[in-house]
Amino acid sequence: MSDIMMLTGKVKFTITLDPGVWIFDDRKIDLDTYFSQPKPEVIETDQEEEEIKKWSAFWDREIQEGAVFPPTLKTERRFLKEKIITGSFGMPFAPFLRNAEPHEDASELVIVTENGEVALPLETAYDLIFAFSKNGKPLRDDGPVHIYFGDGSNREAPITNVRQLIVR
């Protein structure tokens with residue numbers, strides 16, 4: 001079984017997806033909490049400007065006074081390492097689909113599995129989550145990914161044994 005999948009079809013760019021390297025990607029999400037917590041809201045422009053000013057003041061102080069590291073830094077690093085070793089993670093599919101640049105006449109995403117094909121409207125494909133790790137282990141038996149709908153409605157029965165993704 002190959003862990004690499006292709007995103008092809010009515011796209012400007014064919015994309016190669018390798019879930020084996022996603023553990024190092026900052027866009028990964030924790031599946032243990034993702035579906036149970038409320039989604040973050042989009043920050044309004046005024047709030048965004050306030051955040052930028054706050055961080056700018058923080059960095060100005062860091063440059064002038066120097067950085068101060070809390071004594072808990074080693075504990076935090078150990079906790080993050082442990083979380084990666086034991087956690088379940090997924091990757092939002094939207095950035096990959098946007099980078100492939102589907103053609104204007106594309107209307108669906110076909111997920112090719114060992115057991116057949118699953119067709120989804122292209123609009124809903126942007127909300128998909130690709131699980132690539134469960135309890136710190138890659139999804140070897142029925143992977144390389146499990147596909148969840150963005151709302152988590154198929155958490156008990158995700159799409160498994162994915163081999164290819166085709167935009168039609």
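The accessible surface of the chain amounts to about 11,300 Å², and 53% of it belongs to carbon and sulfur atoms (Shrake-Rupley method, 1.4 Å probe; for residues, only the protein chains shown count as cover). The model is predicted: local features need pLDDT of at least 70, side-chain atom pairs count only at pLDDT 80 or more, and totals for chains, interfaces and linings use all residues. Residues are numbered from 1 along each chain as its sequence is written, and side-chain values use heavy atoms, with hydrogens and water left out.

**Overall fold**

- Of its 168 residues, 35% count as buried, that is, under 20% relative accessible area, where exposed is over 50% and partly exposed is in between (1.4 Å probe, protein chains only).
- Among contacts with a separation of 6 or more, 66% are between residues 24 or more positions apart; a contact means heavy atoms within 4.5 Å.

**Nonpolar cores**

- The largest nonpolar core contains 28 residues, and Phe93, Leu109, Phe130 and Leu165 have the most contacts inside it; such a core is a set of buried Ala, Val, Leu, Ile, Met, Phe, Trp, Tyr and Cys residues joined through side-chain atoms within 4.5 Å.
- At least two residues of this core come from each of strands S1 (5-9), S2 (15-17), S4 (89-92), S5 (108-113), S7 (129-134) and S10 (162-167), and from each of helices H4 (94-100) and H5 (122-125).
- Apart from this core lies another of seven residues, including Ile29, Phe35, Ala131 and Tyr148.
- Beyond its neighbours within four places in sequence, Leu165 has contacts that include Met6, Leu17, Phe93, Leu109, Phe130 and Ile147.

**Aromatic rings and charges**

- The structure holds six aromatic pairs; rings of Phe, Tyr and Trp (its six-membered ring) pair if their centres lie within 6.5 Å, and planes under 30 degrees apart count as stacked, over 60 as edge-to-face and the rest as tilted.
- Tyr34 and Phe35 form an edge-to-face pair, because their ring centres are 5.1 Å apart and their planes stand at 80°.
- Tyr34 is partly exposed at 22% relative accessible area, whereas Phe35 is buried at 16%.
- Trp22, Phe93, Phe96, Phe130 and Phe132 are linked into a cluster by ring pairs.
- The charged end of Arg27 sits over the ring of Phe96, 5.2 Å from its centre, under the criterion that NZ of Lys or CZ of Arg is within 6 Å of the ring centre and within 35 degrees of the ring normal.
- Lys28 lies over the face of Phe89, 5.8 Å from the ring centre.

**Strand pairing**

- S1 and S2 are antiparallel and pair over three bridges; strands pair if DSSP finds at least two bridges between them.
- A hairpin of five residues connects S1 to S2, and Met6 has Thr16 in S2 as its bridge partner.
- S1 and S10 run parallel, joined by four bridges, with Gly9 opposite Val167 in S10.

**Backbone exceptions**

- Most residues other than glycine have a negative phi, and most peptide bonds are trans.
- The peptide bond from Gly143 to Pro144 is cis, with omega near 20°; Pro144 lies in the loop between S8 (137-138) and S9 (146-148).
- Asn135, in the loop between S7 and S8, has a positive phi near 55°.
- Asn161 also has a positive phi, of about 55°; this residue lies in the loop between S9 and S10 and is buried, at 11% relative accessible area.
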